Amino acid sequence: MELNKIIKPENLVYKRTPLMTDANLSYCPGCGHGTVHRLIMEVVEEMGIQEDTIAIAPVGCSVLAYDFMDVDCAQAAHGRAPAVATGIKRLWPDKFVFTYQGDGDLAAIGTAETIHACNRGENITIFFVNNGIYGMTGGQMAPTTLEGMKSSTSPYGRNNETMGPPYKITELIAQLQGTYYVTRQAVHKPGPVRKAKKAIRKALEVQRDKKGISFIEFVSNCNSGWKMTPNDSNIWMEENMFPFYPMGDIKVDGELVKSP
Amino acid sequence: MKELALMKGNEAIAEAAIRAGVDGYFGYPITPQSEVMEYLMLQKPEERTGMVVLQAESEVASINMVYGAAGTGKKVMTSSSSPGISLMQEGISYIAGAELPCLIVNVVRGGPGLGTIQPSQADYFQSTKGGGHGDYRLIVLAPASVQEMADFVDLSFELAFKYRNPALILTDGLIGQMMEKVELPPQKERVSEFDQSWVTTGKTKDRERNIITSLNLDSDKQYEHNLKLQAKYKSMEQDVMFEKIECDDADFLLLAYGSSARICQKVVEVSRSRGKKVGLLRPQTLFPFPTQEIARMARRVKGMMSVELSAGQMVEDVKLAVNGRVPVYHYGMLGGKIHSPDDVLQAVEEKYIGGY
Ligand SMILES: Cc1ncc(C[n+]2csc(CCOP(=O)(O)OP(=O)(O)O)c2C)c(N)n1
């Protein structure tokens with residue numbers, strides 16, 4: 001069949017949101033970052049809030065998020081995105097401000113900013129991509145790297161005794177009064193993608209209603225850092241990451257729904 | 001009608017900030033500048049002007065709050081003292097790299113390390129040479145009175161927005177803590193009088209998205225950016241500020257800023273009463289530095305002495321300006337101790353008589 005016979009408006013089933021720019025994604029093929037970007041931008045488009053949205057890009061693989069998302073954006077120092085977002089939101093309380101951060105950024109170097117922004121209940125949304133590794137710098141151990149998991153700085157596997165165990169910052173911040181909606185999602189399959197998108201919508205609605213922090217952890221793969229094919233990395237993630245970082249809502253409407 | 005008040009230097013900064021129409025203050029307590037945030041909180045600026053004041057969890061957080069808010073075109077500031085300013089350096093470098101206007105106040109205490117809470121001028125290098133990583137400069141203002149503490153707040157924002165560059169008020173525990181009469185500036189409205197085309201407040205249909213970043217992965221682009229920054233720093237020379245006291249017929253020149261300049265004023269007075277033609281050049285901006293004026297003075301005087309509460313930092317810039325034409329001496333006091341006019345007088349007399 002000829003291509004121009006298929007490409008007709010009535011055959012259109014899916015279209016890239018215009019809020020994703022034409023720039024080529026800098027992510028490795030198979031990585032989840034691009035999917036999370038797209039979902040956020042779809043929701044921003046659907047809610048009609050592009051003109052009022054300010055994104056904060058972190059230091060990490062998604063440092064260039066501003067090249068891909070067609071919204072105003074500030075690039076923050078490593079770990080400081082919640083402080084940068086606080087500064088903006090305090091002076092522009094009616095704008096939508098979200099951070100987009102990796103696990104090293106949010107749960108290691110930026111722990112203080114994460115905890116305190118959550119504790120103050122800043123009306124911002126935090127999108128947290130947990131790929132269990134420092135992707136950008138070449139696969140070093142992250143605070144979320146699983147026990148026994150190999151990385152370039154834990155080449156024999158993470159030793160909980162000497163390196164400390166991985167920790168669940170999402171469950172931790174859910175304990176704080178300032179958090180209103182806390183959930184853990186994934187984007188490796190169509191089902192989870194649909195759920196994740198609903199969660200993003202809810203998170204930005206919580207922000208619109210000025211209820212406090214909305215926080216979504218996306219457990220995601222890093223096929224390059226984990227040294228696996230994209231498909232193998234997704235299977236490994238389901239088998240190893242999901243049991244330790246279980247999917248689903250942790251706090252809804254300011255109430256814990258799952259005991260951590 | 002003039003509005004006069006008796007105030008501490010730190011309080012004058014805070015009151016002037018409200019009156020300058022500052023939109024946001026983010027800070028963390030540290031002696032000897034905690035009065036800035038204390039005064040602000042007491043004044044309820046959210047009621048007076050709508051100004052936001054937030055106590056952050058650290059200086060790292062406060063400078064990054066400033067970074068975010070400055071990127072939206074608002075007038076924002078922080079204040080701290082030496083150890084806190086050290087902690088902010090990565091953030092300050094980002095702010096300079098991303099070319100954001102803001103005000104940082106450093107009420108210096110003695111170091112290194114936790115040091116002492118007594119006054120010092122030992123953060124001169126950090127303030128005027130960049131401080132954090134990369135080739136950048138801050139606009140540095142050095143008030144020598146409570147009046148200038150108040151006046152330099154609005155001036156800092158004017159310069160910061162003119163050049164889209166962070167400005168720093170470099171003062172110390174002496175000026176911060178002492179009380180003097182101050183004529184308060186008039187209340188400005190909290191509206192921005194500056195260009196807002198670059199700010200991140202949400203992409204509207206009529207423009208491309210705005211991005212606040214200091215990242216250039218392409219080194220050709222970073223090179224161009226660095227050249228642009230350097231040209232900007234050079235152009236700041238037009239805004240150099242200094243005060244000359246008894247310089248017209250001077251044959252020996254003192255150079256001092258801030259609290260040390262106050263002491264040196266007395267030194268000039270006493271020297272003159274003893275028949276010695278001593279003058280004082282007081283830089284009010286440390287960056288841009290009055291290099292040209294010092295070079296001019298070097299053709300007229302027989303010697304110079306930089307008098308600082310440090311082991312000799314500004315003296316290096318004086319020497320560069322003088323370029324070997326006349327001897328340049330340094331007199332300094334360390335560790336939070338303050339030199340008396342007599343201490344300086346003695347040093348001046350040694351050099352004045354014996355030095356050339
Ligand atoms: C102050 C500072 N320390 C270290 C770095 C180097 N660095 C860049 S990205 C990164 C790790 C990012 O990992 P993560 O947050 O997990 O995000 P990912 O790249 O995996 O998406 C590090 C350590 C830096 N840029 N700044």
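**Before you click**

You're looking at a predicted model, in which local features need pLDDT of at least 70 and side-chain atom pairs count only at pLDDT 80 or more, while totals for chains, interfaces and linings use all residues. Residues are numbered from 1 along each chain as its sequence is written, chains are lettered from A and ligands numbered from 1 in the order in which they are written, and side-chain values use heavy atoms, with hydrogens and water left out.

**Stop 1: a sheet in chain B**

Helices (H or I, at least four residues) and strands (E, at least two) are DSSP runs, numbered from the N terminus. Two strands count as paired if DSSP finds at least two bridges between them.

Start with chain B and find the open sheet of five strands, ordered β10-β12-β11-β14-β15, with mixed pairing. Color 242-245 and 328-332 of chain B: these are the edge strands β10 and β15, each pairing on one side only. From one strand to the next, the twist averages 20° (axes are lines fitted to C-alpha atoms, for helices over the stretch in contact, and angles run from 0 to 180 degrees between N-to-C directions).

Next, select 303-308 of chain B, which is β14; five bridges join β14 to β15(B), and the two run parallel. Which residue is the bridge partner of B:Ser306 in β15(B)? Click on B:His330 and you have found the partner. As background, strands of a sheet pair through backbone hydrogen bonds, either parallel or antiparallel.

**Stop 2: charged pairs in chain A**

Now show side chains. A salt bridge here is a side-chain nitrogen of Lys or Arg within 4 Å of a carboxyl oxygen of Asp or Glu, and the structure holds 40 of them over all chains.

Buried means under 20% relative accessible area, exposed over 50%, and partly exposed in between (1.4 Å probe, protein chains only). A:Glu42 counts as buried because its relative accessibility is 7%, whereas A:Arg38, at 23%, counts as partly exposed.

**Stop 3: across to chain B**

Select A:Asp72 and B:Arg207, whose side chains meet in a salt bridge (2.7 Å, N to O). A:Asp72 is in strand β2 (residues 72-75) of chain A and B:Arg207 is in the loop between β8 (179-183) and β9 (211-212) of chain B, so the pair joins two chains. Is A:Asp72 buried or exposed? Buried, with a relative accessible area of 0%.

Zoom out: the contact (heavy atoms within 4.5 Å) takes 36 residues from chain A and 34 residues from chain B. There are four salt bridges between chain A and chain B. One more to click is A:Glu51 with B:Lys205 (3.6 Å, N to O).
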